[in-house]
Amino acid sequence: MSSPILKLIAQRIALGIVLLLAVSVLIFAGTQILPGDVAQAILGQSATPVSLANLREQLGLNDPAYLRYFRWLGGVVTGDLGTAMSSGQDIATSISGRLWNTLFLAFWAAVVAVPLAIILGLIAVRYRNGWVDKLISGLALASTSFPEFFIGYVLVYFFAVKWQIFPGISTVYEGMPFLERMQAIALPATALTLVVLAHMMRMTRAAILNVMQSAYVETAELKGLSAFNVIRRHAFPNAIAPIINVVMLNLAYLIVGVVVVEVIFVYPGMGQYLVDHVTKRDVPVVQAVGLIFAAVYISLNIIADIAAIVANPRLRHPK
Amino acid sequence: MADQQKKSVLLDIRNLRIEATVYPPGEPPKNIVLVHDVSLTLEKGKVLGLIGESGAGKSTIGLSSMGYGRGGVRITGGEVILNGRDILKGGKEGFRKLRGREVCYVAQSAAAAFNPAHKLMDQVVEATLLHGTATRAEAEKRAVALFKKLSLPNPETIGERFPHQVSGGQLQRVMTAMALCSEPDLIVFDEPTTALDVTTQIDVLAAIKDAIRDTHVAALYITHDLAVVAQVSDEIMVLRHGRLVEWGGTRQIIKEPRQEYTNALVSVHEIEHHEQKPGTTPFLSVKNVTAAYGRSHIKVLKNVSVDIYPGQTLAVVGESGSGKSTLARAITGLLPPEEGTVTFDGRPLANRLADRPKEDLRQLQMIYQMADVAMNPRQTVGTIIGRPLEFYFGIRGRERDKRVAELLDKIEMGKGFSDRYPAELSGGQKQRVCIARSLAAKPKLIICDEVTSALDPLVANGILKLLLELQKEENVAYLFITHDLATVKSIADSIAVMYRGEVVRYGAKSKVLTPPFDAYTDLLLSSVPEMEIGWLEKAIKGRRMASAGN
Amino acid sequence: MLDIKRIPIPALIGIVLTSLFVLAAIFAPFIAPHGNGEIIGDVWEPMSSAHWLGTDNLGRDLLSRMIYGARITLFIAVLATALSFSLGAILGFSAAVFGGWYDTLLSRLVDLLMSIPTLIMGLVVLSVLPTNLVTLILVMGILDSTRVYRLSRAVAVDINVMDYVEAAKLRGEGSGWIIFREILPNALSPLVSELGLRFIYAVLFLSTLSFLGLGVQPPDADWGGMVKENKDGIVFGIGAALIPAAAIAMLAISVNLVADWVLNRTTSLKGGRG
């Protein structure tokens, strides 16, 4: 690998870090735009001015916002996410198990969705404008219009209630045997897969189609290569980057889906944790979890960009 | 005699009919016929030129010899007999065996036709290896020999490069080597030099011609440029709207064309225009103008000075990257010069467009290369032509309609066109409307930026004639920017030759085109193909002598 | 100008269904058999001739709730879309035409906002803001305007470099003529079809928020909120929650069909431009 590529990658990562910092400011600022403050939120409308003042003092709310921001950021960087107001528990400790649960769920959804989307995308291209293609794009249109909870509850209604194949509530606990755990996440993982599948497939189709219409694919056909070899030798190497890009963007999409899906299946992950604490107006938790979600999202986008850089022959073999 | 001829026939196309399905917006799909009943034969080792304007079906016919149709194009009738068998009966498997082995293809844009992900050598030998006609070592040796023959630099190592690391002219030669590498019987050249600059074209053309001669391969050479095809082909077939117009030996076609259409194509550049003596005072002077894009230090214009006289044409000629279009942008104020001045009627023009008064803007009008993007697709022809009348002179209502009708008349279009939208016009009509729009402002100068380059030769000719007539009637001056020397000869009063941002030669047309030349003008002039058999050899020989003399 | 026979069938279905939803929303009090909060029977009664869709978790008529729900859903989604669209389009257009630091500043800000998933940013903000309709519309509208900004800026930038716009600038035309006469007529079609997509997104986003308990608050309910109210029935095999969920899907599909058709008409117009 040559140095201009490394330089570009380094630039992209540096840009990502800057972006993440900016996002942390935004998230912090987003929780400061309220009328009233955290102390008011904790103690409620009936709080006496004295107890409010005491709590403000205790939480350091009398300091200017930028000081509080840097204190918070310093904590985040050293792994201290603060304590939850509603329960008084350390946020980092509560999160670690849940983060793992969420990643486990998202991982298996991705393992199913990614290859399936690419294969369906390829089939749609192969039989372009035929009925298979039309059916696939019709389903894609439909499923981008479905709210996540519609897919989720339809699955529950049939697979958990009517046919009783899988549990409708995904209880997982530490030390749960692998197979049981897989059975527990079967429905939420399916729901997540369905949520991202259509979009990913539509974008894969477009990416491959774009490559298939280029002049060098025509050249390959005019050399007498078989359809399979045209795709393998000429279309595929150029389609990898856009496909990786599509996959990464959709994995980022999965993060949003995970929030709703976890609530549907009462799955003990980050998404449910976030929603719970938004309802409780527990600002420190919301900040911490929001930042983690944003960090994952930004990282996936950086990986997508880096993949595009690495796969570009113009950058790999400079003049 | 007939028998002997039959034996040497390589390709025999009989009554070919090719159709395509088009999907006009808002209408049911429609079948159109691209090629009507065309027959041709090609002997082994001979070159047949297919010539015609856009839509003539020449590429479609060329690709049919490989059993290939682009996007929905299909062969619906006739036979394509190659080496004695009808390839259309061979099916997909049959096509695959013949493509890349018996017939190879050289595309117009090699830059797009090479896969950016693979090294050149891998792509050059791919077809040979695929059909198993040689081992990898043999094929690579053959490729290197071809690179040498096509006078590519570093023939031993150029195969290790990726497409984007090689220039356009070189890529076109590598693509020719790729076609020749599998030692086919026939090569289809589809406008192989059209995208190249004229001084690059001549080298590529000579390389292709030598390679064809030495390898005894037969070729279908497709182009719109009769002068180019006259250099390489033994016979020429003229096509129009998918039908055969005339087919004969190269000499007969260019010297004694039998059909009126062929004659029109041959005599396309013969516009008579006698140069006018420059007046005493120019109305527009560009003095020592230097310009660069953005904050870059690369100067696109270096110390350029030219004068334009009332009612006369200054042609600015140069290849891509010469800065000729940038000169237009500097004069119009779109790209304010860093140094130097543009004076108009004896006073300096403001550098920036925004600082110029309306009256100055009115005096300088512009016509663009691509007429279809130079007109707002949501405005009617009447609005497009009428707006300058309204904007500069405040002419409205019936008076405006009357003036629009007069202008349409001037550009030889009826007043019925004023309600049409640009999408409903042909390429030539669009350019005429753009001319009318600029005339509506009654300017002293019209800047014409490659206005005929995107048009077919006959249509372009009509536009040039119209411009010359309008010049006489309206006494308007032109700054005519072009890469095409033939156009320059037929329209200019004075000429500025530009090269890498500098004016290398400037003066009255007769002076500029008369020797002794400077090196670049000599190269440029000697590179323009002439419609004369043997011109290429003469030009190349002259060039070798010149370089030997140095 | 528009011939009904030439509208493709899917688009026609989309138009009819969308109009039905809109009509139901407008005339809710006249159509609904019962009041929105009126308890008329047992909890989760099955579908019957008296109650076509059965009753909900509190024994209210589900059909009537659905009709009133359409009203709230469409009302919020339309206002949020209108806000996101006018904000995004105006800023996007002006950024493209004026360029310079104005463009850079806006574009970087939008990049920043878009680097956080909309739902996450929405949750962060809603954790501190009071839950009422105005907040909801503002949050949805502003967060979504980033996408409209990107599109309209891109469309306007593309058009702004066309030769016909340059010709107008050379003629000496002012910004008004250039924006409204040269750019806008050519940008309209892609923007109109985007309008449909933004509306779908607003419906889905609102439903998701309400489903999570952060959108419309009881006793009022949009369709997403109704899913939340009735979701506990699912485990007992009662499908009441699926009905509002399906209604959301159906509305989204209908609008999608219309938007798709508009987009296709646009691209064929582009074909005419050459």
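1. A nonpolar core, as the term is used in this note, is a set of buried Ala, Val, Leu, Ile, Met, Phe, Trp, Tyr and Cys residues joined through C-beta atoms within 7 Å. The structure discussed here is a predicted model.

2. The largest nonpolar core holds 232 residues. Those touching the most other members are Tyr153(A), Leu192(A) and Leu254(A), together with Val174(B), Ala177(B), Ala219(B) and Val203(C). Helix H10 of chain A, residues 227-264, contributes 19 residues to this core, the most of any element.

3. The contact between chains A and B involves 16 residues of chain A and 23 residues of chain B. On the chain A side, helices H9 (215-222), H10 and H13 (313-316) each supply at least two residues. The largest share, four residues, comes from H9(A). By class, this side of chain A comprises six nonpolar, seven polar and three charged residues.

4. As to annotation, an unreviewed UniProt entry assigns "domain: ABC transmembrane type-1" to residues 99-304 of chain A. In the model, this span is 83% helix and 0% strand, and its end C-alpha atoms lie 22 Å apart.

Definitions and conventions: Residues numbered from 1 in each chain as written. Chains lettered and ligands numbered in written order. Predicted model: local features only at pLDDT ≥ 70, side-chain atom pairs only at ≥ 80, totals over all residues. UniProt positions renumbered as here; feature names shortened; annotations may be inferred. Buried ≥ 20, exposed ≤ 12 C-beta atoms within 10 Å, placed from the backbone. Contact = placed C-beta atoms within 7 Å. Nonpolar A, V, L, I, M, F, W, Y, C, P; charged D, E, K, R; others polar.
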